[in-house]
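Here is a quick tour of one loop and the ring cluster beside it in the write-up. Have a look at the model first, then read on.

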Amino acid sequence: MKATRKHVYPIEQFIDGRPARGIATVAALVSNQRVVWLWLCQPNPMLGGRRPIDLLKQDRADEVIDAAQTYFAVQ
């Protein structure tokens, strides 16, 4: 039997079966998607200690995108 690889997506990024607004914009800032996901899931001092993914799910994409642009521009 030949093994197949399927894409796996973190369930936490979805709202009603669709990616949270802003995910694609943040993901486009960095080529390594694992780095982006780790950034989204960790408390962020630029966002008052809140996790960016939580803010995206609260429809606060503009704040997260601004923080991501600042953070990844420095890297």
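What follows goes through a loop asparagine, its contacts, and a set of aromatic rings.

## Ground rules

This is a predicted model, so to speak of local features takes pLDDT of at least 70 and side-chain atom pairs count only at pLDDT 80 or more, while totals for chains, interfaces and linings use all residues. Residues are numbered from 1 along each chain as its sequence is written, and side-chain values use heavy atoms, with hydrogens and water left out.

## Asn-44 in its loop

Asn-44 sits in the loop between helix H2 (33-41) and helix H3 (52-57). Helices here are DSSP runs of H or I with at least four residues, numbered from the N terminus. Is Asn-44 buried or exposed? With 5% relative accessibility, Asn-44 counts as buried; the cut-offs are under 20% relative accessible area for buried, over 50% for exposed and partly exposed in between, using a 1.4 Å probe and protein chains only.

The Asn-44 side chain reaches the backbone nitrogen of Met-46 at 2.7 Å. Setting aside neighbours within four places in sequence, Asn-44 is in contact with Trp-39, Gly-49, Arg-50 and Pro-52, where contact means heavy atoms within 4.5 Å.

## Met-46, in the loop too

Met-46 is also placed in the loop between H2 and H3, and Met-46 is partly exposed at 43% relative accessible area. Leaving out neighbours within four places in sequence, Met-46 has contacts with Ala-67 and Thr-70. Met-46 and Glu-63 lie 17 residues apart in sequence, and their C-alpha atoms are 9.4 Å apart in space.

## The rings around Trp-39

The structure holds three aromatic pairs. Rings of Phe, Tyr and Trp (its six-membered ring) pair if their centres lie within 6.5 Å; planes under 30 degrees apart are stacked, over 60 edge-to-face, and the rest tilted. One of the pairs is Trp-39 with Tyr-71, a tilted one at 6.1 Å centre to centre and 35° between the planes. Trp-39 lies in helix H2 and Tyr-71 in helix H4 (residues 61-74), so this pair ties together parts that are 32 residues apart in sequence.

Trp-39 also pairs with Phe-72: the ring centres are 5.6 Å apart and the planes at 55°, so this pair is tilted. Phe-72 lies in helix H4 and Trp-39 in H2, so the link joins parts 33 residues apart in sequence. Ring pairs link Trp-39, Tyr-71 and Phe-72 into a cluster. As for burial, Trp-39 is buried at 7% relative accessibility, Phe-72 is buried at 13%, and Tyr-71 is partly exposed at 33%.

Definitions and conventions. Helix = DSSP H or I, 4+ residues; strand = E, 2+ residues; numbered from the N terminus. Polar contact = N/O pair within 3.5 Å; in protein donor to acceptor, adjacent residues only side chain to side chain.
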